[in-house]
Amino acid sequence: MNEHRKSRRTHTKKLAKIVFDDGRTPLNCIILDTSEGGARLLMESNEELPDQFFLFRRAELSLREATVVRRAYKTVGVRLSEPLSATSERARALKHLKDLSPVFT
């Protein structure tokens, strides 16, 4: 299989949360691997996942905007933004963040 990415994948298998800006309950996922600017996520189903959402990694207290670039069965490939500041207007607008970590109060 030919890889079209510019950087190598790093296998991680870390827990994360998919956070929506419309107030829906966050979803659990596993980050299977990462590359510079992207990640591959495993979830129960990606059928109702919008094309854009936020990915929260509690271990790193990292919140990034994610854009779906590939969908397959229970995985999605996403392009990730630079981490958002916990005090940014965009982060403060997400209703469920304060439940995920005290950093977002």
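The accessible surface of the protein chain amounts to about 7,100 Å², and carbon and sulfur atoms account for 48% of this area; such areas come from the Shrake-Rupley method with a 1.4 Å probe, and for residues only the protein chains shown count as cover. The model is a predicted one, in which local features need pLDDT of at least 70 and side-chain atom pairs count only at pLDDT 80 or more, while totals for chains, interfaces and linings use all residues. Residues are numbered from 1 along each chain as its sequence is written, and side-chain values use heavy atoms, with hydrogens and water left out.

Of the 105 residues in the protein chain, 37% are buried, where buried means under 20% relative accessible area, exposed over 50% and partly exposed in between (1.4 Å probe, protein chains only). Two helices and six strands make up the secondary structure, in the order β-β-β-β-β-β-α-α from the N terminus. Helices (H or I, at least four residues) and strands (E, at least two) are DSSP runs, numbered from the N terminus. Among contacts (heavy atoms within 4.5 Å) between residues at least 6 apart in sequence, 48% join residues at least 24 apart.

Strand E1 (residues 10–19) runs antiparallel to E4 and is joined to it by three bridges; two strands pair if DSSP finds at least two bridges between them. Here isoleucine 18 stands opposite leucine 55 of E4. Six bridges link E4 to strand E5 (residues 62–72), again in an antiparallel arrangement, and phenylalanine 54 has glutamate 65 in E5 as its bridge partner. E4 and E5 form a hairpin with four residues between them, and leucine 61 in the turn has a positive phi of about 50 degrees.

Arginine 57, also in E4, is buried at a relative accessible area of 17%. Neighbours within four places in sequence aside, arginine 57 is in contact with Lys14, Ala16, Ile31, Thr34 and Ser62. Leucine 80, in strand E6 (residues 75–80), is buried too, with a relative accessible area of 15%. Its C-alpha atom is separated by 6.6 Å from that of threonine 67, 13 residues away along the chain. Not counting residues up to four places away in sequence, leucine 80 touches Gly37, Gly38, Ala39, Leu55, Arg64, Glu65 and Ala66.

Backbone geometry deserves a word as well. Most residues other than glycine have a negative phi.

Turning to open space, the second largest pocket has a volume of about 240 Å³. On a 1 Å grid over the protein atoms alone, a pocket is an open set of points where a 1.4 Å probe fits, with protein on both sides within 12 Å along at least five of seven lines, and lining residues have an atom within 4 Å of a point. Grid points are joined across faces, edges and corners, and a volume is the space filled by probe spheres set on the points. The lining of this pocket includes Phe20, Arg24, Met43 and Glu48, and strand E2 (residues 27–35) gives the most to it, with three residues. The lining divides into six nonpolar, two polar and four charged residues, with Ala, Val, Leu, Ile, Met, Phe, Trp, Tyr, Cys and Pro counted as nonpolar, Asp, Glu, Lys and Arg as charged, and the others, Gly among them, as polar.
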